[in-house]
There are 4 protein chains.
Amino acid sequence: MDIPVVKLADVQANKPDIPITLSRVGVTNVKKLVEVSRADKRPIILISNFDIFVDLPSDRKGANLSRNFEAIDEVLEESINLPVCEIEELCGEVAKRLLDRHEYATKAEVRMKSEYIVKRITPVNKVKCQQVVDIFAEAIANRQENGKVFVNKMVGAEVLGLTACPCAQEIMRDKAIAELKRLNVDSKTIYEFLNTVPMATHNQRGRGIVTIQVSHHHKVSIDKIVHIIETSMSSSIYELLKRNDEAMLVENAHKNPKFVEDCVRTMAKKIVNDFSDIPDESIITIKQINEESIHSHNAFAERIATLGELKTELSMN
Amino acid sequence: MDIPVVKLADVQANKPDIPITLSRVGVTNVKKLVEVSRADKRPIILISNFDIFVDLPSDRKGANLSRNFEAIDEVLEESINLPVCEIEELCGEVAKRLLDRHEYATKAEVRMKSEYIVKRITPVNKVKCQQVVDIFAEAIANRQENGKVFVNKMVGAEVLGLTACPCAQEIMRDKAIAELKRLNVDSKTIYEFLNTVPMATHNQRGRGIVTIQVSHHHKVSIDKIVHIIETSMSSSIYELLKRNDEAMLVENAHKNPKFVEDCVRTMAKKIVNDFSDIPDESIITIKQINEESIHSHNAFAERIATLGELKTELSMN
Amino acid sequence: MDIPVVKLADVQANKPDIPITLSRVGVTNVKKLVEVSRADKRPIILISNFDIFVDLPSDRKGANLSRNFEAIDEVLEESINLPVCEIEELCGEVAKRLLDRHEYATKAEVRMKSEYIVKRITPVNKVKCQQVVDIFAEAIANRQENGKVFVNKMVGAEVLGLTACPCAQEIMRDKAIAELKRLNVDSKTIYEFLNTVPMATHNQRGRGIVTIQVSHHHKVSIDKIVHIIETSMSSSIYELLKRNDEAMLVENAHKNPKFVEDCVRTMAKKIVNDFSDIPDESIITIKQINEESIHSHNAFAERIATLGELKTELSMN
Amino acid sequence: MDIPVVKLADVQANKPDIPITLSRVGVTNVKKLVEVSRADKRPIILISNFDIFVDLPSDRKGANLSRNFEAIDEVLEESINLPVCEIEELCGEVAKRLLDRHEYATKAEVRMKSEYIVKRITPVNKVKCQQVVDIFAEAIANRQENGKVFVNKMVGAEVLGLTACPCAQEIMRDKAIAELKRLNVDSKTIYEFLNTVPMATHNQRGRGIVTIQVSHHHKVSIDKIVHIIETSMSSSIYELLKRNDEAMLVENAHKNPKFVEDCVRTMAKKIVNDFSDIPDESIITIKQINEESIHSHNAFAERIATLGELKTELSMN
């Protein structure tokens, strides 16, 4: 009698015991050093975090997932040496190669996130400082009926800023008016004063998040996204502030108070203005999270829409 | 001349400067002590984390978001004293009340997550011990054209267990066969031995996650979900294991090796078997994440489908 | 020939290959449902996180760490049913029992942390709301030369509040003075106005942390610690604020601006005042972390001292 | 009457209202892009996280903490352009410069942590892959009575690996022996078989952590620390494993089972062997955390000692 040694390779082409299709099979939290070459600038070095998936039909046991893992890592190792220009193209390249190797898969997804340093210059003293922002990209490669592969990609960023609450400020302003009137200051003086010196309110760290999803032949600049988020809150923030920089920041922020809703709407308008070159069916996700200083919970607003829908709403103004 | 004091209340009914609709406006990370009364058991005390949103039309400035926050908290305070029976009903109740108060909103969403203690009994020594699992629920209340409110809800859990890798075990088994043959042990003995004593492999913490989304008049038992996840990995885990409990657990897990795909498919089958009372259009999300002991990344598999789709795939076996 | 079956139990009493003493051997991140009975109030239900250690001499292989784990869990299961009155006593009880069972150990350490709900009443509308704070306790049981066991314990809390920056406010105040003077408002009026209406500044979430370490027969009230931290920042925060509550909070906070240093010093003074009943050698750790709204980094201040040292410094005022 | 404008600069030299000394005042979670030049290799680019503190005497109001922040950032900006060779020297340089600028401070502390990529080669197929490890450094500059500054520094790393449990394996081995005997396999054959094929056990991700604290003129290689941690567990782990690499890894790990205590003791021995060039008073902290696959809690062991103490204990073997 011979021992029925089960040949693993054969098993894997067999039907699984439970013939359920899987939407995603892969690896998450893969950290890689990525060197992104950029048109006319120094390459950027990032430690990036990848999630990588393919789908799996119901008639494959999938036990070759371990081979799958090997392939995923090999592809990634190769891809990071490609002369890609942007992180979403890196994701797209990995996704396409995954489909090449996995003839049974109809979809490959690659997600990447990383910290990214941007330079800022303080408002008064013009001091240069570094600001870390979070950037992310995603690519989904779909195999069409005719065998062609179509890639959709997403690019996004999360940026910190300061938001000052308009509501509490309104009440503090009313209090200032009442007090100045009580002290017999005339209305014109009060009006001029309050136009120059903004009243107090609670303010806090805000986090703006924008992602833009387009088909693969359109370009979306991450730096443009970062700039839109940064300038849609009450004020930018800086890691290094001399005293008069700090004063200017506080004054400007209090002259520009914003709710979470205002931040999202401002970002929506800027995206419509600044991304005129991508198609109307591009999907835009805009979020604002304020880490309320008067509560331990956060305030939150979000809009998910196509670029076309945003354009329509704005034009109906 | 009089100072043009801006009346905040009036402003809020005005059109905003940027007339963009918001998909979600609300609060996140609200922590509340929740007492959930249960049919024939002691009430459960949970410290729960809530995210609560309504949508906001483009013609509302939304500055009354602050009033909105007040309402949200009041509703929550009231709701936790209701005689609700399950956490998803608590979420549904909060969502409905939000729509009552916000006449302009068409949708209210309430998400809740919490740690939850389940009791386990160890396999050999029958020692009782506590296991913490994560549970979550969500309710979405939609206002229909006719003014009626329709509530969808989601219930889910994330449970830890142990998964042993079938692939590495197969190779260790081949090695054992080769070695026993070299030592002139006969095939029948080898076969019997390997049937009784499972060979080594890498194993690790696995995390199974299931969510089930149904319309509001259907019940989904969280305890049933927790049990399905727990029993779909290579073995349950326990906080307290005497030596022979530990041995039995290791042996059983190695006799039941599972890839991430296997875990997801097993959960899918058990959901079809155990939730025959919910409609076919219920949306099921099943995930398995293995914190691979041989890598620093994780293995991942996921299926998102309606219950009906899962039934069809299984019946095609 | 017989197979040299190594008896595990015997091995463990042997010397290890590498005779190194271990400072701590044990388990971390053990989650347990804890019911703390309290003198004249309802018991508190907490999901607590425990770290539990004993030391291990260099002449023990320590392979019986697995038996150790069993014991640790059993002790914990027993202890949570004890009629203890405070969480640090629960830790002390577990620590003492660990030493009972581990004759070779000279020290047992038990650390516990948990979320804890406190009730707050808003300043104007007197609305009751819940606030989650973090509490923690630690007990170290030392076996003396004479065999007696001496227990030291530590109790602490981390509480969120609001801090408003005095420095930026000073500049905004100077700007207000200059502007009012330019508008020919007289000095007395300016002075009165600024005394009533505080000027703007950046403000943010602050986190105050206090731990107090005493020998086991002294009592330290966690509620008192929570209250000291809460009242040492610019303002308490609340989960539910009606509009005039919010206005009062913002006004009060801006009339009470505080640097991280000020918060730590205020807490130090209150601890000296409120804990007159614990010995001078009690070790006090006080920290303040401000999540700066104008930076993405945090401001931090800390004092570690005995209560006696704090008293001496304060009396030298 | 003139308004008593408080001059901030003057206030700061005044005594504070509460004359309490502060142990640490500074900033935490400062993220900076750091380029570390290395003797004969390419410079390393790191996104590093810094905590930076000075002490503050009781007679300084400390309101110039904001000036302090400015200085801290400037120093950091300058320092990262220095031709330093190791991260602990970068920390030391920042700490010394902080003392230069803050004449009142007696101590400056700088802590830094970062992700760091190391290269690994798989055991069988010799495939190169990247592994991310965590590295950290700290420098404490103390101003002596005579005005001289003395710097202590600390270097450390946290590395993931695989640990296999010796205890459960022993029981599985006993079971294998019993079963082979029952099948009439002779003892010599059983013995040979078990020497070649290791039996199953639970295994999991382990995290080893080593820090070494020395005075500033001694060098401590981070790469050496990383290597010691990696090689003190049951096996190294790799991001990319072909099938026979995976088999070899599993086999080797199961032939080298280790408790948390064993890992700590192995690291202690290797540190004594490999760091013969640093003084005996160097403080060594060694930790091992196993993310137990059979529990949801972790196993933990730690030793804190001087290098001299470790040498003494080892020589008493």
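Student: What makes the surface through which chain B and chain A meet the same in both copies?

Tutor: Residues are in contact if their C-beta atoms lie within 7 Å. Of the interface residues of chain B, 100% are also interface residues in chain A, so the copies meet through the same surface. Chain B contributes 58 residues to the contact, and chain A contributes 58.

Student: Which elements of chain B give two or more residues to the side that touches chain A?

Tutor: Among them are strand E2 (41–56), helix H4 (166–182) and strand E8 (298–306) of chain B. E1(B) gives the most to this side, with nine residues. By type, the residues of this side of chain B are 34 nonpolar, 13 polar and eleven charged.

Student: Why is the relation of chain A to chain D called that of a two-fold axis?

Tutor: Chain A is superposed on chain D by a rotation of 180° with 0.0 Å of shift along the axis, at an RMSD of 0.0 Å. That is the relation of a two-fold axis. In chain A, the C-alpha of A:Ile45 is the nearest to the axis, 3.6 Å from it. The same surface serves both copies, since 95% of the contact residues of chain A recur in chain D.

Student: How many residues does the contact take from chain A and from chain D, and of what types are those of chain A?

Tutor: The contact takes 19 residues from chain A and 18 residues from chain D. The elements that give two or more residues to the side of chain A include strand E3 (107–121) and strand E4 (128–143) of chain A. This side of chain A holds eight nonpolar, two polar and nine charged residues.

Student: Why is strand E5 of chain D described as mostly covered?

Tutor: A residue is buried if 20 or more other C-beta atoms lie within 10 Å of its own. In strand E5 (residues 149–164) of chain D, twelve of the 16 residues are buried, and the strand is mostly covered.

Student: How do you know that E5(D) pairs with strand E4 and strand E6 of chain D?

Tutor: Two strands pair if at least two bridges are found between them. Ten bridges join strand E4 (residues 128–143) of chain D to E5(D), and these strands run antiparallel. In this pair, D:Asp134 stands opposite D:Glu158. E4(D) and E5(D) form a hairpin with five residues between them, and D:Gly147 in the turn has a positive phi of about 90°. E5(D) and strand E6 (residues 203–215) of chain D have 13 bridges, again antiparallel. Here D:Met154 stands opposite D:Gln213.

Student: What is the confidence in chain A, and where is it lowest and highest?

Tutor: The average pLDDT of chain A is 88, and 86% of the residues score at least 70. Within chain A, helix H1 (residues 8–13) has the lowest mean, 50, and strand E7 (residues 283–290) the highest, 98. Over residues 5–10 of chain A the pLDDT is below 50. Where pLDDT is low, the predicted coordinates should not be read in detail. For the complex, the predictor gives an ipTM of 0.89 and a pTM of 0.93.

Note on methods
Residues are numbered from 1 along each chain as its sequence is written. Chains are lettered from A and ligands numbered from 1 in the order in which they are written. This is a predicted model: local features need pLDDT of at least 70, side-chain atom pairs count only at pLDDT 80 or more; totals for chains, interfaces and linings use all residues. Copies are superposed by least squares on the C-alpha atoms of residues with pLDDT of at least 70 in both. Two residues are in contact if their C-beta atoms, placed from the backbone, lie within 7 Å. Helices (H or I, at least four residues) and strands (E, at least two) are DSSP runs, numbered from the N terminus. Ala, Val, Leu, Ile, Met, Phe, Trp, Tyr, Cys and Pro count as nonpolar, Asp, Glu, Lys and Arg as charged, and the others, Gly among them, as polar. pLDDT is the predictor's confidence in each residue, from 0 to 100.
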